[in-house]
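Notebook open, structure loaded. I want to go through it piece by piece and jot down what I looked up.

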Amino acid sequence: TVILLATGLVPPAVAALLAACALALTKAITIPQAYGAISWTTIVLIAGMIPLSTAFTKTGAADLVAGGLLSVLGDAGPTVALLLLCVLTLVGSQLISNTATVLITAPIAMSVAAAMGVSVLPFLMGLAVAAAAAFLTPVATPANLMVMGPAGYRFGDYWKLGLPLALFFLLIAVFYVPLIWPF
């Protein structure tokens, strides 16, 4: 998989499928083990959010929300718009899957960028960074929940280190990302 990805001989999805087939064919993992390792709740959540995201765009709801957001912002500029969208994404990713959160906020970000006449790239990359800051709750990501019991963590323990990390990610999303992908 690493060689296929590094050389670019095949698309990443094909490399992953070939690796999964190789694991099954060599019996490194059994089919029931592979099936049991799949997070079906995540699959169902993301599968449900993709049509929601599409509907959000096609029905004009994203434009409507973006228009409301822009009316609140006034002439504040793209950096403030990015900050607001990243905060929305950061909060959402603490409650549901970060992928699902981005599927909801990305159409809004695209509408905001189009309405402001700026590049959509810093908005989308900023959302990706903000969504990755799922540190504040144990339900934010499966890894957070997995370590909760064995480590003896309580729900409130995640804020202690999670809040400074989330703020750091937010700063990166709002101020560093536009340096790489300008408005």
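Helices here are DSSP runs of H or I with at least four residues, strands are runs of E with at least two, and both are numbered from the N terminus. This is a predicted model, so I note the rules: local features need pLDDT of at least 70, side-chain atom pairs count only at pLDDT 80 or more, and totals for chains, interfaces and linings use all residues. Residues are numbered from 1 along each chain as its sequence is written, and side-chain values use heavy atoms, with hydrogens and water left out.

**Entry: the nonpolar patch**

I started with Leu121, which sits in helix α8. Buried or exposed, or in between? Leu121 has a relative accessible area of 44% and so counts as partly exposed (buried is under 20%, exposed over 50%, partly exposed in between, with a 1.4 Å probe and protein chains only).

Leu121 belongs to a nonpolar surface patch with Met125, Tyr176, Leu179, Ile180 and Trp181, and together they have about 580 Å² of accessible area. For the area I noted the Shrake-Rupley method with a 1.4 Å probe, where for residues only the protein chains shown count as cover. Patch members need over 30% relative accessible area and no salt bridge; nonpolar side chains (Val, Leu, Ile, Met, Phe, Trp, Tyr) are joined within 5 Å, like charges within 9 Å.

Which helix gives the most to the patch? That is α10, with 3 residues. Both α8 (121–131) and α10 (157–180) supply at least two residues each.

Next I looked up Leu82, placed in helix α6. Leu82 is at 0% relative accessibility, so I logged it as buried. Leaving aside neighbours within four places in sequence, I found Leu82 in contact with Pro122, Phe123, Gly126, Ala173, Val174, Pro178 and Phe183 (contact means heavy atoms within 4.5 Å).

Ser93 counts as buried because its relative accessibility is 0%. Its side chain reaches the backbone oxygen of Leu90 at 3.0 Å. Beyond four places in sequence, Ser93 touches residues including Asn98, Thr101 and Ala130.

**Entry: salt bridges**

How many salt bridges are there? I get 2, taking a side-chain nitrogen of Lys or Arg within 4 Å of a carboxyl oxygen of Asp or Glu. Asp157 pairs with Arg154, the closest N and O atoms being 3.4 Å apart. Asp157 also meets Lys160 at 3.2 Å, N to O. Asp157 and Lys160 are both in helix α10, 3 residues apart, about one turn of the helix. Shared partners join Arg154, Asp157 and Lys160 into one network.

Asp157 is buried at 17%, whereas Arg154 is exposed at 56% and Lys160 is exposed at 61%.

I checked for disulfides (cysteine sulfur atoms within 2.5 Å) and found 0. Cys86 is buried at 0% relative accessible area, while Cys21 is partly exposed at 44%.

Last stop was Lys27, in the loop between α2 (12–25) and α3 (31–37). Phi of Lys27 is near 60 degrees, a positive value in a residue other than glycine. Lys27 is exposed, at 71%.

How values were computed:
Polar contact = N/O pair within 3.5 Å; in protein donor to acceptor, adjacent residues only side chain to side chain.
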